Structures are given as structure tokens and as C-alpha cells.
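Thanks for coming, everyone. Let me put the model up, and then we can walk through it.

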Amino acid sequence: MNERFYFNEQRLVMTLPGRLLVRIAGYVSYAVFFVAGLSMAFSDVPNLRALGILILLFFADYFVHFGEGDKPFSEMPAAGKINLAEYLSPSAYSVIEKSFDRSVISKTDFFSNAVKELLQRKEIKEGLMRLDLNADELRRKIESLSESSGAKRLNKKEIIKMAEALILKAGERSIVNRREFIETSDIFSGLFFVGDETINRLFNTFSIEADDLELALLLSSLKKKWGFRLPSTLGGFSFETQRGMRHRVVNRAWTSRPTPTLDKFSSDLTDLAAENEVGFIIGHNAEYQRMVDTLSRPLSPNVLLVGEEGVGKETMVLHLARQIVKDEVPQRLFDKRLVSLEISSLVAGASPEELQARLKKIVEEITISENVILYIPDFHNLVRTSGEYYLSAADALMPIMKNDLFPLVGATYPREYKEFVEPRSDIKNIFEVIMVNEVSEEEARRILVYDSLILERKTGIVVSFAAIKAAVTLGKKYLAGKFLPSSAQELLRSALSAAAREKNKYLTRDGIVKAAEAKVNVPIHEASGAEAEALLNLEETIHKRLIDQEEAVKVVSTALREYRSGLSRPGGPIASFLFIGPTGVGKTELAKILSRIQFGSESAMIRFDMTEYQDKASFFRFIGSPDGKMSGALTDAVLKKPYSLILLDEFEKAFPDILGLFLQVFDDGRLTDNLGRTVGFQNTIIIATSNAHSDIINESLSKGEKMENIAEYLKRKLTDVFKPELLNRFSKVVVFKDLSPDDVYKIAKINLSDLGGMLLEQGIKLGFDESAVKQIAKLGYEPAFGARPLRRAVEEHLRAPLAEKILRKEVARGDDITIHHEGDSFQFKVGRSI
């Protein structure tokens, strides 16, 4: 920690009897003064009465600040040495004192005794409970570790040094967590960082991580601190109390002027901040500081915040409002009003002339007032080309923005910025564009800790820290198109709603997993029982629909098992395969089966015919045009269906730039589109099919050779079509075998069974004898085309005649149909079901 911090508590230097004597003397003194003050307050002597009231006011202040340390961190001087003993809360000092006394008396390890003392505290027990840990189990373990460690006996000087080391670390955690005083939870968190072997073994035994423990303890300590004074929204959290503040239309120097027209079409964010309703922020430190620096400069004090919905653009603006109220802003922003202009209200019911007049009056008021920072959410509405009103608004404000008459903050989204703002260089150049990204996962967890307090009060359901952690992890991974912290907050609220319906009083990680699965229709939970058994026998399940192709079935089954067991390669897609081989042998069919197994439906498959993407123009159709006017077919599809199977038919025919694009997708599992959006492929299976060197395949098959005999040669020849670095990035290159007559016979049975299932839905039972199946298989067998002719044979010889019979009323609901082959035709025998 910073060298300016130290710990010097004289009471610990004293002997135990000495400290006890001082404490008793202190309590007695307080009692005497209180009784004396109470007596004098009712005295007839004015001076005595005044002194008595003064003493009672002292005690009133004492009780108001009961439980606080001598000094808060918010009043910590900017320079000079800091004695952290002055910032200890009474409860934290009590832990240190009792641990110190036990250590001095027994000459044992101070850190271990501190753990034992802390584990008796209610807020520590609750924090551990949220980590699904039992304080009694930790206590028994630390006692066992202390006994087995064989530590040397310590003297008082060594124990004081250990106490100082712990307080320095606790103070560091307290400042990081923006507390006013060092609390017991900070001491427990500080134990993680003192480097004691016994304490580290304790935490490792229970798999406790420093960040998890700190946030779980933060949750319990905040609940204790705020109690029934919790704000109704996340933005209302504040660590300082603002009292007696009211709406000001002029500054404190009385040099500004009222703005009645502006007030009519706007909201004063500094008013909301003064009431502690908005302004809380976690993260975005660099973006916020850059925004403040820009607004403080004399030239071009204009900022445009660009970020996706829910990443925190408005949170930054609201935090600025709070900092203005607290006078913690640069001089040029001091005593300003931060006002949000409501564009929809401004243009509502106004003709172009009326709109011009309103804007002119608003600008005039702001300019004369000289104490307004204007905030325009959805700034693109001023410049978009879809309406004359918006054009008029932009044109009216342009001269003002260029003249730097007042600071201006705008906010927009990447897509709208690319489409409406960026092409207007006259507007773009007057702004400092600040890209606002989503917060980190650690920051999102911290935000959800505060959010959980509000939700617990509303629902009566206790939120475990495991649930908070899972909401952030799964929200980021699975809720496509949403960003932290919004995605995690949405999952948490959905899980709490489900828990309330089920009358659960404790939300665990499983509740979050179920909520995520309900939203994305993808199995996320750990496979167990029947599901694990199904995964272990996945090959058998696939072979119910796919005949032969043992190698292909094996590699895709292995990939799914690795994914569901959490062992798949991090970062990239679930798996990526290149399927090569003759047409009609099951490449697409296997893709459909995988889509049903992993993603629940064939509709979860995104299919691209790569013959449609063979030139530069089609490349832009695939990933989006540089000007942002045309979005990409691939990126849009994955954003809409982030949990999907992507099938790239005839991959070898794609434009070379597209092939190069997939190098990044296979490696990193993500792609940045033309609008700057990062599209994740981590939850997709990518299958590229190829008929490359089909001439070699057809020639070999015509000579009677088997595919397994030419597979390795074909793989080597693929470097003529694909770059080696692309081939190496596939999880597996799979060569599909050609189909034998026996394979086609089995496929024919599957197809005929499917046809029977369709008729059964109409109440018609369909059966086939062996002669019909063999004849369909014979008609559908062609080595060069695999099973493709089979579909045509079923269509021509069975489906079409059956359709005619149904339309002629020769077959009706309740009938049985048996098909057999005799001579040169198929015979349909119709009977009535009993």
C-alpha cells in the first residue's frame, strides 16, 4: 500500500488491565457528563441551561455517528501521513483488539485468531452463506490448521507487526470498495493479501477466491449499512449525504439567468442528482475522465458518446451531474446545470417554423444563462434524414455548436453513428467522439451486488453470490445483442421472477442457469443422469437417422461431449468441421441432426450457399458494406441466432476474402462487423461442406474404388483449393464415404418411415413390405449421386400416387395402406382400421 499509510494504535501498546481501566474510566466519564448535561438542561440558570443543552447536543451527535470511526475516508487529506487507526470503525477495532489480546495471552498467530474472531460476526457469516459456505466449518478448519502448523510462540512486538500488516491491507480494500471507514468485512478481505501460509491453506481448502469473497462480504455489509433506507433504483446509491439542496435555475454567484423555455422541453439532471436519485457508477473511469476533460476545455467542449444500448452512456452523464452537485468537477464546470433535452417533446406538434422558434429561444436562454451543460440523448435524431423536423433541428443547432457557446454532450449508437453522423463531417468534426464499451465482468459483478440489495427488498428472495457470478458469466456469453451489465441484470430479474413463482426464498446458480436456458433454448447445465448417458451414446442416436459414416459421427459426437463437459477449446466455436466427399452421402443430413441435438431444432441452422458469394460485392453482402448502409448476412444471422449451427455449402466457391475471414472466426470465435459490433461465434458449430476435386472422386468411384481408399490422398489434394492455415484451423477435416447398396436400402427404410409418419398425422396408417423397400432402394441408388436419387424415387413412385388417392377420396382417415411391389409397379392395398 501507499507509504503514506501506517497503523499506530496506542491502546494496543498498553497492557490489558491498563486498557480495561481506561475503558471503564471513559464509560464513567460519559455517564457523569450525560447526567450532568441532563440536569443542567433543566436549570433555571441560563448559563447552566445553555451548557447542559450543549452537552446534550454533543451526545446527540455521538449517537448519530455511533458505529463510525474517528475520521471518514472522504475527508482524508490529499497529502501527509495517514494513521489508519483513526479510520477504523468500532466493530473493526473490536475484532483487532480481541484477536490481539488472544494472541498476546497465548503467544499464538494473530491472523488465525483474527479469522476465529471474524467468523463470529453476523455480517461475515452472511457473506459466507452467500458463497454457500458454513462459518462453523471454517472455524473448525482454522483450529485444525493452527494446531497442526506447529508455529513458533510470538512476542508482543511481532504480534503488533502482524496487526499493522493486516490493517494496511484492510485499509486498501476499504478504499477500493469506497467505504467511509475500515469495516470487519475489509479485515476479512485483507487476510487474503497478508501472505500467511495458514490463511492461504484455509481459503484454498474451501476454494474461496479473493474477488468472490470481497464482493459477497460487500453485499452483506451494504445490507447492514443501508437497511430500510435502500434506494428504489441502482442510480440512487450514494456514499455521501446531500441535505437541504433544492432546484436552482441560477448559480450561487447569481450571475446566470432562468431558462423557462429550456425547462419546458428538458429534465434537469442536477436536480435528480441533488436528491440522490441518480449518479451511481462503477467502471468507465477512462471514458468518464475523457468526457470531463473535453467538456472543461475552452475550445470545442463537445462530446459524443457512442455505445450500444445498456453499456452505460447515460450512467456516465448522470454521474457527472452528481459530481457537479458535490463540486467535484473542474473549474469550468463548477456550479453548472446539466440539462437533458427531450427531442421528442421538442418536435411534437411543431411545424418547421415553430421548431425553429423553439430552438432559437432555447439556445438564446442557454447562451445568456452561461451555466448550462446540454445533454442530447439519441443525438442521431437531430441529423437523420428521415424527417424535415430533424433536419431543421440540426441546422438550427449547428452554428451554436461550432461557436463553442456552451458545453454539449450527445449520445448515440454505433449503427446510427455510422449511418447518420459519420457521413456528416461538418457535425462529426466538432465533437470529441468517445466510444463507450461494456463494463468488465468484475465491474458487472460489483454492479449486481448493489442491484441485488434492491431486488432482495422487493422480492424477499436472498441472492447468493454464485447466482450473481453466474448471471454475469452467462449474460455475457449467451444473451446476444445485450451488453454488460444489462444482460446480467436481465438474467437476474428473470431468475428471481421464476424463484418467486416457485416460492423459493434463496436464489442459487441453478436458478440463473435455468433462466438462461429458457431464454436461449440451449442446454447450459452440467450434464448428469439420463442426459449424460445420452451424450455417452450419442453415436447410436445419430445413427438412427444417418447411415454409416462412422468417422464423421465419431468426431462430431466427441466434439459435443467435450463441449458439454466443459473441455472444449476456449474462445473458438464449439467445433468447426470441413465435410468433403461425393454428393448425397449425408453431409447436410448430419448437420441437420446436430442442429436438432444441440440446439433443439433444424430451424436453429443458418445455411449459406457459398456459390452466391463469389465476388467483392457479395463479400460486402456477407459482412456488411463499409458505409454502414448494408448490414452483413452472416453477422446479422449470428446476432439473431447466436446459438446455432452454421452450414456453409460449397465452401470452396466462396470469394477468397471470405475464406480469409474465417481464419479469425475459427481462431478467436468472433468477428467485428462494419458497424463495429463484435459478433460472437463461441456458441456455434460451423460446418463447411465441399465438393472439391469432385472429378477425382467421381473418376475413382466409377472405377469401383472405395472412398476410404482415396480419403488421405484427397485430404492432401485439398491444399490446391484451401490455404493450409485455413485447413489447420478446422477442428477436423472429415471425408465422407460413398454409399453402398445396403446403405441406400437402410436410408430408404428411414425415408419410408418418415412418409408413414406424415400420413399418420392425418389418421392414415401406412405400411411397406420388403419388396417395396428393396425396389425404392434400387431405383434410388446411383454411386455418383449418393442417396439424392432416393428422394426423387419416393416422390415419383409413392408420394405422388398417394396424394392423388387422398384427393380422390380413395384413401380417408382411419384407413390402412400397405404398399408392395409387383411386376413393374407399386401396388397400394387399402383397408379399414378396426
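I will take the sheets, then a surface patch, then the salt bridges, and end on one serine.

Ground rules before that. This is a predicted model, with residues numbered from 1 along each chain as its sequence is written. Local features need pLDDT of at least 70, side-chain atom pairs count only at pLDDT 80 or more, totals for chains, interfaces and linings use all residues, and side-chain values use heavy atoms, with hydrogens and water left out.

Start with an open sheet. It has six strands, in the order E3-E5-E6-E7-E4-E8, and the pairing is mixed. On terms: helices (H or I, at least four residues) and strands (E, at least two) are DSSP runs, numbered from the N terminus. Two strands pair if DSSP finds at least two bridges between them.

Which strands stand at the edges? Strand E3, 266–268, and strand E8, 432–435. Each has a single partner strand, so one side of each is left without a neighbour in the sheet. Neighbouring strands here are turned by 20° against each other on average, direction ignored. Axes are lines fitted to C-alpha atoms, for helices over the stretch in contact, and angles run from 0 to 180 degrees between N-to-C directions.

Look at E6 and E7. Strand E6 covers residues 372–376, strand E7 covers 408–412, and three bridges join them in parallel. Leu 374 stands opposite Leu 408 in E7. Contact means heavy atoms within 4.5 Å.

Next, strand E11, residues 575–580. Is it buried or exposed? Six of its six residues are buried, so E11 is largely enclosed by the rest of the structure. The cut-offs: buried is under 20% relative accessible area, exposed is over 50%, partly exposed is in between (1.4 Å probe, protein chains only). In a regular strand, side chains alternate between the two faces of the sheet. In E11, Ala 575, Phe 577 and Phe 579 point one way, while Ser 576, Leu 578 and Ile 580 point the other.

E11 has parallel partners. With strand E16, residues 684–690, E11 pairs over six bridges. There, Phe 577 has Ile 687 as its bridge partner.

Now the surface. Tyr 27, Tyr 30, Phe 58, Tyr 62, Phe 63 and Phe 66 form a nonpolar patch, with about 720 Å² of accessible area together. Patches take residues with over 30% relative accessible area and no salt bridge; like charges are joined within 9 Å, nonpolar side chains (Val, Leu, Ile, Met, Phe, Trp, Tyr) within 5 Å. Areas come from the Shrake-Rupley method with a 1.4 Å probe, and for residues only the protein chains shown count as cover. Helices H2 (16–41) and H3 (46–64) each give two or more residues. H3 gives the most, with three. Phe 63, in H3, is exposed at 55% relative accessible area.

On to charges. How many salt bridges does a search of the whole structure find? It finds 36. Each is a side-chain nitrogen of Lys or Arg within 4 Å of a carboxyl oxygen of Asp or Glu.

Take Glu 456 and Arg 130. Their closest N and O atoms are 2.5 Å apart. Glu 456 lies in H22 (441–459) and Arg 130 in H6 (122–130), so the pair ties together parts 326 residues apart in sequence. Both count as buried: Glu 456 at 7%, Arg 130 at 0%.

Arg 290 and Glu 432 form a salt bridge at 2.9 Å. Arg 290 is in H14 and Glu 432 in E8, so parts 142 residues apart are tied together. Arg 290 is partly exposed at 37%, and Glu 432 is partly exposed at 22%.

There is also a network. Glu 172, Arg 173, Glu 214, Glu 442 and Arg 446 are linked by salt bridges.

Last, the serine. Ser 452 lies in H22 and is buried at 0%. Not counting residues up to four places away, Ser 452 touches Leu 219, Val 463, Ile 468 and Leu 492. Its C-alpha is 9.4 Å from that of Leu 234, 218 residues apart along the chain.
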